[in-house]
Amino acid sequence: MMFGGGNSSQPIMVLNQNTKRDQGKKAQFSNIFAAKTIADTIRTCLGPRAMLKMVLDPMGGIVLTNDGNAILREIQVQHPAGKSMIEISRTQDEEVGDGTTSVIILAGELLAQTEQYLKQGLHATVVIRAYRKALEDCVEIMKSKASIPVDVKNREEMLRVVKSCIGTKYLSRWSDLACQISLDAVQTVMIDENGRREIDIKRYARFEKIPGGSIEDCCLLKGVMLNKDVVHPKMKRRIENPRIVLLDCNLEYKKGESQTSLEFSGEPDFTRMLQLEEESIRAMCQDIITLKPDVVVTEKGISDVACHYLAAAGISAVRRTKKSDNNRISRATGATIVNDTADLKEDDIGTGCGLFEIRKIGDEYYTFFDQCKNPKACTIILRGANKDVLNEIERNFQDAMNVTRNVMLEPRLTPGGGAVEMALSRALDTMSSSEGTTNDEFFKGVEKYPYKAVSRALEIIPRTLIQNCGGNVVKQLTALRAKHHQQADQFAWGIDGETGQLVDMHKFGIWEPVAVKMQTIKTAIETAILLLRIDDIVSGTKKASVLSESGQGDGKKKKDNDENQPTDESHKE
């Protein structure tokens with residue numbers, strides 16, 4: 001960057017000479033190209049005929065999936081706009097848990113549509129204004145016209161919704177089983193208190209993956225399961241209606257915090273110390289035994305002496321459970337987690353569990369807290385051929401459970417199969433044409449052209465569905481467009497992702513939660529706006545050695561030895 005200095009004509013260098021800089025149109029086109037490339041990468045992952053991607057990570061691990069977010073998480077991207085695209089897929093996954101592929105494809109297409117207007121000399125701000133207006137209209141249309149209410153208490157309706165989510169996944173062959181499990185799991189962890197509904201599937205619905213068996217053996221346990229065994233062979237391994245105590249403390253003698261040294265003047269002192277240790281453990285165990293529990297679960301260790309006392313009293317003990325597992329057992333059985341045995345009271349004991357049992361599956365022992373009376377936590381046991389299959393099934397179940405949660409929190413549905421995108425496209429098209437908007441000043445300027453571009457971009461979802469199942473894109477898309485234009489109230493015509501034929505989603509039964517679709521469209525349009533506002537990309541340079549010493553280099557990324565390796569930083573407004 002150069003400035004003329006004062007009266008002299010000598011230019012002054014402000015930026016480093018090695019700095020790489022893209023300005024204006026070049027930066028915008030570079031961002032659009034990056035977004036399009038990422039969208040094209042996962043375009044084949046949409047719909048029931050989706051292809052799987054195999055991604056190898058630097059450690060040699062393999063990820064086999066058609067989940068947009070899972071793929072993009074593993075891919076390493078250098079371009080800053082590409083990183084923004086990957087970020088929106090993660091946002092979508094955290095917010096609603098589904099639609100991660102759609103949001104990338106839609107954002108990529110919105111930016112691709114912008115390219116022609118920028119080349120014609122239209123300013124990015126004008127395009128952004130039109131996109132904002134289109135987003136407001138999309139949200140309004142979807143809330144009022146393009147969605148139907150759903151009865152969350154009707155099990156059949158709910159199962160149909162979950163089925164449409166699983167239809168595009170690896171689990172689709174076992175969709176009936178998967179839908180039942182997902183729906184039951186979400187209903188188990190749901191809490192309704194004072195009109196506030198909380199569904200925390202992340203903390204209280206745990207997946208336990210056990211290689212072996214077949215996928216038909218997957219089941220929902222209305223309780224908790226741990227990969228643990230009792231600590232003493234004499235302890236009982238099956239107890240009906242157990243009284244359960246949960247602890248967050250060691251059943252061992254107190255160890256010094258830091259390096260502790262003891263000096264003994266004679267042998268009796270040493271013996272006395274051992275006695276004191278044993279007495280302290282006996283006192284702890286006595287606090288527990290007084291309450292007559294059947295099962296003790298602690299997050300910390302249990303010493304051999306404590307094991308002996310507990311086994312003698314007929315109490316089964318499990319040690320070193322995770323904090324999260326202890327919280328789940330607490331929710332499922334009604335027990336309170338206690339930090340010190342001296343504080344134990346009768347109220348802290350959990351009696352909500354129907355059966356405590358240790359079962360052997362394969363070579364491992366598993367502890368089951370089963371048949372709970374009112375469990376607010378559950379465990380989904382997954383069986384499958386190998387680790388890759390189990391990981392993919394887990395991702396599919398996560399999506400299905402998120403969809404169920406979204407419907408329960410916001411009980412409205414929109415038709416799937418590209419129907420709602422086509423309905424929105426038609427509505428935006430009508431609004432931007434001169435007949436429909438005689439009194440709206442907005443459409444009398446040049447903004448109406450990029451506004452129409454949003455209408456065209458929305459068609460990418462049905463188009464991709466037809467492409468992925470090998471249908472005739474032009475013919476089917478034209479027919480679908482005609483259907484929506486002829487019958488304005490019929491917003492449910494979409495594409496059957498298996499065959500590429502036109503179907504009425506009312507009869508076909510593919511529905512998606514409004515929350516997912518709204519989030520998809522909002523995130524896609526807002527990302528397109530964000531990337532359009534960038535008109536300057538400055539890539540500063542540092543030597544590789546300086547980078548590594550200062551700790552600013554990303555440890556995961558392979559460092560290039562080239563001195564002039566640019567590190568991308570995008571300067572947004």
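Strand β4 (residues 53-56) and strand β5 (residues 62-65) run antiparallel and are joined by four bridges. Strands count as paired if DSSP finds at least two bridges between them. Helices (H or I, at least four residues) and strands (E, at least two) are DSSP runs, numbered from the N terminus. This is a predicted model, where local features need pLDDT of at least 70, side-chain atom pairs count only at pLDDT 80 or more, and totals for chains, interfaces and linings use all residues. Residues are numbered from 1 along each chain as its sequence is written, and side-chain values use heavy atoms, with hydrogens and water left out.

**The hairpin**
- β4 and β5 form a hairpin, with five residues between them.
- G60 sits in the turn and has a positive phi of about 95°.
- V55 has V63 of β5 as its bridge partner.

**The whole protein**
- The protein has 19 helices and 25 strands.
- Of its 573 residues, 51% are buried. Buried means under 20% relative accessible area, exposed means over 50%, and partly exposed lies in between (1.4 Å probe, protein chains only).
- The accessible surface comes to about 28100 Å². Carbon and sulfur atoms hold 48% of that surface. Such areas come from the Shrake-Rupley method with a 1.4 Å probe; for residues, only the protein chains shown count as cover.
- Among contacts with a separation of 6 or more, 73% link residues 24 or more positions apart. Contact means heavy atoms within 4.5 Å.

**A parallel sheet**
- Four strands form an open sheet in the order β15-β14-β13-β16, and the pairing is parallel.
- β15 (316-318) and β16 (337-338) stand at the edges with a single partner strand each, so one side of each has no neighbour in the sheet.
- β13 (residues 244-247) pairs with β14 (residues 295-298) over four bridges, in the parallel sense.
- L246 has V297 of β14 as its bridge partner.
- In a regular strand, side chains alternate between the two faces of the sheet.
- Helix α11 (residues 323-333) lies across β13, β14 and β16. The helix runs at about 150° to β13. Axes are lines fitted to C-alpha atoms, for helices over the stretch in contact, and angles run from 0 to 180 degrees between N-to-C directions.

- A70 is in helix α2 (residues 68-74). A70 counts as buried because its relative accessibility is 1%.
- Not counting residues up to four places away in sequence, A70 touches T65 and R395.
- A70 and T100 are 30 residues apart in sequence, and their C-alpha atoms are 9.0 Å apart.
- T188 is in helix α7 (residues 175-189). At a relative accessible area of 6%, T188 is buried.
- Beyond its neighbours within four places in sequence, T188 is in contact with L220, K222, P375, K376, A377 and C378.

**Loops with positive phi**
- N241 lies in the loop between β12 (238-240) and β13. N241 is not a glycine, yet has a positive phi of about 45°.
- N241 is exposed, with a relative accessible area of 51%.
- R320 lies in the loop between β15 and α11. R320 is also not a glycine, and its phi is positive, near 55°.
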